[in-house]
Structures are given as C-alpha cells and as structure tokens.
Amino acid sequence: MSKKYSIFITVLFCLFIFGFGIALLVLPDREFSEQENRYLTQFEAPTLDSVFGEEGKFMTDFEKYVNDQFPLRDQWIQLKAWSERLSGKQENNKVYFGTDGQQTLFAQYTKPTDLAQRVNYVNQLGANLDVPVYFGLIPDKTWVWADRLPDHAPLADDGSTIRDAQALMSGDVNFIDLSDALHGEDVFYRTDHHWTTMGAYQGYTALMSAMNGSFTLLDSEPTLVSDSFYGTTWSSAGAGWVKPDEMYTWVPDNGFTGNTTVTRYPEGLPIEGCTLYDRSKLEVKDKYSMFLGGNQGLCVIQNPDAQGGKLLVIRDSYADSLAPFLSLDYQEVHLFDLRYNRTSLKQYVADNGIDQVLVLYSSSNFSTDANLFLLGF
Amino acid sequence: MVFSTPYFLFLYLPAVLFLYYISPLKFRNFILLIFNLLFYGWGEPVYILLMIFTIVLDYFAGIIVHRCKVRGNDKGARWAVGISLGLNLAILFFFKYWVLVASTLQGFGLNVPTFDLVLPIGISFYTFQTMTYPVDIYRGDAELPKNLINFGTFVTLFPQLIAGPIIKYKELADQMASRTHSPEKFASGVQIFIVGLGKKVLLANNIGQLWDVYLATPGAELTTLGAWLGILAFSLQLYFDFSGYSDMAVGMGRMLGFEFLENFNYPYLAKSATEFWRRWHISLGSWFREYLYIPLGGNRVKAGRLVFNLFVVWACTGLWHGASWNFLLWGLYFFVIIVFERFFFSRVLKKLPGWVGHIYGLFIVMVGWALFAVEDFSAMGLYLKAMFGMGAGLLDGDFLYYLRSYLPILVIAILAATPLAKTLWYKAPVRARQVAIPVLALAGLALATAYLVDGTYNPFLYFRF
C-alpha cells in the first residue's frame with residue numbers, strides 16, 4: 001500500500017467512527033421510537049453512587065443510552081433485517097417471515113408449561129359464580145395461517161394449547177372451541193398479532209352460536225379506515241419491506257341504530273360519551289388502539305336496542321375489536337382487563353347484575369399473562 | 001468493556017485515537033494507561049485497585065530480582081520470583097477458582113463461604129502476561145522497563161487485555177519504549193480490525209444463535225443430526241468469536257503502533273489433536289510450553305515422566321479455560337488423545353491420506369467442544385449420546401428448519417475458516433484489491449453497525465477466562 005492510499009483508508013475509517021460518534025453526541029436525543037413503539041433510554045449524568053455502587057448502573061444505562069440514541073437507529077435495524085432476509089434466514093428478532101414473499105410476519109409462539117394451573121383459575125371462576133361462564137381461546141396466527149409459515153418452524157401453535165385446555169375444563173365452565181373458527185386471507189393483520197375486524201367477526205359468530213344460539217348477520221360492507229397500519233410484530237422484525245396493513249370498522253361508531261354509547265375507565269374514573277372507535281389513534285403508530293381507545297381496566301358498552309342482557313368479558317386486547325359485534329346482541333357489554341383491574345369478579349358480577357360471563361384470551365396471552373390467578377378471587 | 005459494542009466503537013475508540021495522536025510521543029503511554037484503566041474498570045470499577053496492585057507487585061518484583069542478580073544474590077532473586085509468582089497465582093486462584101472449590105467442598109458438606117465474587121474481566125489473560133515478567137528478568141530474557149507507567153501500560157494494554165493474544169513483556173518491551181506510527185501501519189490495522197469485527201459480529205454472533213437453540217434443547221429431544229449441527233455451530237461460533245477478538249486486538253494494536261503476533265492459524269485444518277493445538281490460541285500454547293512444560297523437563301525425559309508432564313500441562317490448560325469441572329475434563333480429553341497420538345497414532349496418521357487426517361482432526365475437536373460447551377454433566381452425557389446415534393432419532397422438523405435457515409451462513413463460515421478467501425484475495429490484481437478494500441471495509445463496518453445497534457444479542461464468550 002502506498003502512503004497516499006493508506007491515508008485514504010485511514011481517513012475513511014476515521015470518518016465512519018468519528019462521524020457517527022460525534023453525531024451521537026451532537027444530535028438531539030429522541031424520547032420515543034415510533035418504529036419500536038417504546039420510550040428510549042435517556043442520558044443520565046454519572047454520580048459517585050451510580051458509578052461505584054449499584055453494580056455499575058451508570059455504565060449499563062449508558063450502554064443502553066448509546067444503543068437507543070444511535071444515529072439512524074431505525075435504519076440500522078431495518079438494514080439488519082434485510083441482511084438476515086437476504087442471507088436466507090426465515091426469521092429475525094423472534095419473528096418468522098411468511099412464505100408469501102416475507103409479507104406476513106408471525107410472532108413466535110411458545111406453548112405454556114403450566115397450562116393446567118392456568119385453566120384451573122378459569123375453573124375456579126366457574127365454581128365461584130352462579131351465572132353461566134364461558135371460556136374461549138383464540139387460536140394463534142401461527143396455527144390459523146400455518147400454510148404460510150416457513151416449513152417446520154419450531155415455535156408455532158400446533159393446536160395443542162386449545163385441545164389440552166379443553167381436556168382440563170371442569171363442568172362449571174362451558175368451553176367454546178375456536179380452533180377451527182377463523183378462515184380466510186384477512187382474519188389477522190400481517191404485521192400484528194391481533195385478529196382483524198373480519199377475524200373478530202368470525203370469532204363473534206362462533207362465540208354467539210355457542211352462548212346465544214344465534215348471531216347478527218351483517219349485510220353492510222366493512223369500511224376502510226386506514227391503509228397504513230404497521231403492527232407490533234412488524235416493529236420487532238424491523239421488516240422494512242413489508243407492506244402496511246389495512247384497518248376496517250364494520251359496526252358504526254354508535255352502532256347501527258345510533259344509540260350505542262361507550263363508557264371508558266382508562267384510569268379508574270369513568271369517561272362517558274365515547275364511541276366504539278377513537279379515530280385520533282389512527283394518527284399514531286399504535287393504530288390498533290383505535291378500537292375502544294386502547295388498554296383500560298374496564299369499559300362498558302351500552303346498546304338499549306339489543307335483545308340480550310348483560311355480558312361480562314374477561315379479556316385481553318383481542319376483545320377490543322370484537323366488542324363492537326358483541327354490542328349488537330347485548331344491552332350491556334362489560335370488558336374487564338385483569339392487568340389493570342383488581343376488583344373482585346364475584347362482587348362485580350353481583351353488583352352489576354351480570355347474566356353471562358365470557359373469559360376470552362388469545363392463546364399466546366393466556367399462556368403468558370401473569371394475572372390469571374385473579375380469576376379465582 | 002467489550003469491543004463489539006456501539007459505545008466502544010463510536011465513542012471510546014475515537015476518543016483514544018484522537019487523544020493518543022494529538023499527544024507528544026513521550027505522553028502517549030500515559031494517555032494509553034488512563035484509557036486502559038477506564039476500559040478495564042468499566043464493568044467493575046473496584047477491580048482497578050486489584051489491577052494496580054498487580055502492576056505494582058510485578059514491577060517491584062522485577063526490580064528486586066534485577067538487583068539481587070546484579071549483586072550475585074541468586075537465592076534472593078529466586079525468592080523474589082517465587083513470592084511474586086505465588087501472589088499472582090493466589091490472586092488468580094481466589095478470584096477465578098474459589099467459587100468452584102468452595103461450592104464443590106459445600107457439596108461434601110463443608111461449610112465454606114463462596115464470597116460470590118464477580119470474575120475480574122480478563123484476569124486469566126493479564127495474570128499470565130505479568131507473572132512471567134519477573135521470571136524473564138531472572139532468566140535474563142528481559143530488561144527492566146523504563147518506568148512504572150511503561151510497565152502499567154503494557155499490563156493493561158486494552159486491545160489485548162481481555163481476550164489475548166497473551167503477550168509476554170519481553171516480546172513487547174522494545175515497543176513499549178519506542179514504536180513507529182505510520183499511515184501504512186494504521187491502514188493495515190484498520191483492515192485487520194474490520195475483518196475481526198466482521199468475524200465476531202456477523203459470523204460468531206449469528207451462528208451462536210443456532211448453537212443456543214441446541215444448547216437449550218432438552219437432552220431427551222436431541223436428534224443425531226441436530227446435535228451435530230449444534231456442535232458445528234458452536235465450533236464455528238467459538239473460532240470466529242475468539243479469532244475475531246484476536247484480529248481486532250492486532251488491528252487496534254497496529255493503529256496504536258504495536259505489532260502483536262497472530263493467535264490462530266486456521267485451526268480447523270488440523271489433521272490431528274496435536275496439530276490443532278499448534279494452530280489454536282497459539283499464544284496460550286507457547287506460554288504453557290515455555291513456563292510449564294519445559295521447566296517440568298519437556299520431552300527430554302523418560303516416557304513415564306513425559307506422560308506426567310503432558311498430564312499437568314493439559315489439566316492446567318483445561319482449567320485455564322474456566323472454573324468448572326467440565327473444562328478439566330476437556331483438558332484431560334486432549335491429554336489422552338495427545339498421548340495416544342504421540343506414542344502410536346501419529347505414525348499411523350502419516351501413512352493415511354490427508355483427508356482421513358482432516359476428518360479425524362475435526363471429529364476429535366468437535367467431540368471435544370461438546371465437553372467444553374455443555375457444562376452440566378448429565379446434559380453433556382445426553383448430548384454425546386445424541387451425537388453418537390442414541391438420541392431421539394436421526395432428525396426432526398426443527399433440524400430441517402434450522403439447517404435451511406442457517407445453511408448460507410454456515411457455508412460462508414466454513415469457507416472463511418479455510419485459507420481459500422485469502423488465497424483468492426492475493427491472486428486478484430492489485431488494482432482490483434485497491435478498489436475492493438474501501439468497498440468491503442465500509443460494507444463490513446455498516447453491516448456490523450447494523451447488527452450491533454439492533455442486537456441485544458451480543459454475548460461475549462471470554463468473560464469466563
């Protein structure tokens with residue numbers, strides 16, 4: 001190597017490491033990452049205690065800070081995803097790439113090791129209550145869309161969670177087998193783990209057939225409300241090549257008769273006069289929270305024109321897009337999220353004159369949620 | 001601190017290079033010393049005190065040995081060497097092996113405290129580098145350093161502090177006193193560094209995820225081909241992790257004007273266990289040869305004593321790799337095979353065609369990695385059973401999935417473990433290479449950055465050493 005050429009290589013290398021290093025220090029720090037849907041680590045000045053005590057807290061926090069605030073972080077993550085895809089990998093960051101040109105993303109599914117314990121909490125609920133209790137598990141995307149999962153993908157739902165749960169039920173609970181309830185190209189979002197409005201409708205018909213003997217047939221078409229939804233699975237995968245999902249609503253904001261009202265309890269206190277959809281959420285990354293406005297301990301939907309009585313749904317976020325359909329058949333639908341609501345269920349059922357109780361979880365949330373024990377109280 | 005992290009690559013390294021090169025020559029060792037201590041203390045600041053103690057201990061031991069020798073006091077010199085060796089080994093023993101000894105004794109019902117010590121990073125490497133310094137002064141192989149700063153800078157030199165290569169003071173003494181800096185040296189360092197970074201981040205970390213899958217697979221579910229795929233992944237991960245670190249060390253050394261010796265020479269081309277150890281972690285092998293094997297009498301002794309000498313060296317080599325009994329087992333495994341080769345099999349091997357030797361060598365080494373990588377003995381037993389056909393069948397769906405996913409990267413890694421790329425590289429015309437270097441360097445840096453920024457997955461295999 002000549003001297004000139006060596007200087008060229010040296011300068012190139014230094015430009016790269018000095019350039020990004022200086023950019024990291026100079027550029028303003030970001031608070032929140034839309035792509036990852038989480039808050040990013042901020043810089044905290046070192047103190048004697050954070051350096052020499054607390055197991056080097058300053059150092060570990062600083063490492064996180066540099067990673068989180070690294071210039072062009074989102075683009076680096078996407079470059080890595082591209083590199084994995086081009087090198088023949090069928091997954092990235094615990095997300096499988098579908099065989100449909102890597103357009104469908106699957107969060108990996110791990111079977112629970114303590115299913116019997118979890119089902120037992122549901123059985124306890126059934127034994128505690130005098131009203132009919134129904135239990136359904138929404139099959140995982142890796143089960144319903146197994147045909148577009150990579151061959152032999154190890155971490156997928158093989159249908160055994162629902163089958164085993166059914167075998168573990170006591171006589172106090174009516175099990176609703178949803179393992180064969182969802183069909184079609186549009187029942188899940190490609191970029192998110194949730195079911196779509198169409199998927200939720202299929203789930204609704206299966207649930208209602210079991211609980212009510214009938215369901216409301218819709219003759220209208222779903223309405224497109226967004227064509228730019230990137231879900232959480234997309235965030236994990238960093239899969240920049242994936243096309244966004246479309247989002248639909250089917251039941252109008254205040255029901256088909258215009259009389260449906262929604263009371264939300266996001267912080268415990270009621271917010272009255274809400275509708276089935278919070279369209280402001282369509283402007284942010286987490287668009288799925290458009291359904292009923294996102295996570296909350298309790299949400300009550302009232303439809304005075306419905307035939308049925310009062311339904312309590314103990315649920316995860318999949319129920320947000322299901323609830324508009326349920327409100328067609330029940331005068332009151334109470335949505336109860338154990339993660340944010342510690343009220344005694346027995347008490348709640350008695351106080352509110354609940355007629356039917358539905359425990360409805362997605363298979364993956366049911367396998368991992370740490371709050372199911374509350375069902376037993 | 002770990003090389004393969006954004007904060008090292010984009011903050012620490014530029015800061016070192018900048019302050020190093022704007023300082024006058026005579027302050028450069030001091031600048032390095034400060035940064036070395038920052039590097040060392042980053043994970044566990046209190047251990048800086050331990051490091052300073054080691055530096056001062058060996059520095060003054062060297063001076064005492066030297067003075068005794070000048071005055072013809074051989075006995076005094078030997079005592080000084082002995083005491084400093086003893087203290088160094090005691091530190092190494094206490095910080096690295098006490099937990100193992102204590103927990104083993106607890107297993108026998110004895111009530112001894114484990115102290116729950118965190119292993120000081122790189123202790124196995126730097127104690128080996130420093131404790132032989134008084135020995136070399138005694139043997140007349142090394143001169144006294146000019147001052148404490150030069151010696152301290154040598155002991156803590158960050159490019160090779162935590163993962164080698166193990167460099168003896170006598171090899172680096174001249175460079176500590178004075179070394180040249182040039183764009184040619186820097187640019188060659190850049191290239192070696194980027195190759196090392198790529199080996200570590202793009203190959204080792206990537207293939208390591210495949211090994212993690214098989215390590216986590218319950219022993220009863222392992223299939224034969226799956227177990228071999230797992231061990232293949234581990235073999236490649238360990239090699240690229242370790243040699244990647246060595247390359248980064250050599251590369252950054254050159255950027256700072258140092259020349260370190262290479263630590264690996266395509267180990268997986270070895271045609272026997274004996275040859276493997278001449279190609280793998282060369283600086284460790286040469287250390288044990290010079291300071292343990294030859295002082296024990298080496299091979300110029302009777303057969304029985306030779307076997308004993310080999311036993312001691314391989315037991316120590318095994319335990320050096322980690323404070324866990326499986327590493328001892330792994331060392332003794334090589335002891336048995338190397339004795340077997342020495343007294344009998346090497347003569348047979350010479351007569352067989354080369355490819356038989358390659359298969360034999362790889363087989364020995366890969367079975368050895370199973371002992372090395374699976375620390376729990378019952379899990380190790382199940383893993384070996386699966387490798388030898390007594391597992392849950394020949395293959396399963398998981399194997400097909402992982403083979404398909406990792407095939408391209410495995411092929412790249414296997415080729416990269418041979419001299420093929422190097423041979424082709426030097427066959428290319430100079431002009432083509434000149435165009436390719438900046439393109440490959442930038443692509444390598446960019447891809448490595450992408451994987452580092454993305455990854456919380458950046459395990460470092462050598463914290464245990």
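How are helix 4 of chain A and helix 20 of chain B oriented to each other, roughly parallel or roughly perpendicular? In this predicted model, the axes of helix 4 (residues 73–86) of chain A and helix 20 (residues 430–454) of chain B come within 8 Å and cross at roughly 105°. Angles of 65 to 115 degrees count as roughly perpendicular, so that is the label for this pair of helices.

As for who touches whom, helix 4 of chain A brings Arg73(A), Trp76(A), Ile77(A), Leu79(A), Lys80(A), Ser83(A) and Glu84(A) to the contact. Helix 20 of chain B answers with Ala446(B), Leu447(B), Thr449(B), Ala450(B), Tyr451(B), Val453(B) and Asp454(B). Sorted by class, the contact comes out at 8 nonpolar, 2 polar and 4 charged residues.

Next come the domains of chain A. The domain assignment puts domain 1 at 21–71 and domain 2 at 105–376. Taken over C-alpha atoms, the centres of domain 1 and domain 2 of chain A sit 37 Å apart. Where the two meet, 4 residues of domain 1 are in contact with 5 residues of domain 2. About 420 Å² is buried between these domains of chain A, with carbon and sulfur atoms giving 52% of that area.

As for salt bridges, the count between domain 1 and domain 2 of chain A is 0.

How values were computed: Residues are numbered from 1 along each chain as its sequence is written. Chains are lettered from A and ligands numbered from 1 in the order in which they are written. This is a predicted model: local features need pLDDT of at least 70, side-chain atom pairs count only at pLDDT 80 or more; totals for chains, interfaces and linings use all residues. Side-chain values use heavy atoms; hydrogens and water are left out. Axes are lines fitted to C-alpha atoms, for helices over the stretch in contact, and angles run from 0 to 180 degrees between N-to-C directions. Helices (H or I, at least four residues) and strands (E, at least two) are DSSP runs, numbered from the N terminus. Angles under 35 degrees count as roughly parallel, over 145 as roughly antiparallel, 65 to 115 as roughly perpendicular and the rest as oblique. Contact means heavy atoms within 4.5 Å. Ala, Val, Leu, Ile, Met, Phe, Trp, Tyr, Cys and Pro count as nonpolar, Asp, Glu, Lys and Arg as charged, and the others, Gly among them, as polar. Domain bounds come from an automatic or database domain assignment. Buried area is the accessible area (1.4 Å probe) that two parts lose on being put together, summed over both. A salt bridge is a side-chain nitrogen of Lys or Arg within 4 Å of a carboxyl oxygen of Asp or Glu.
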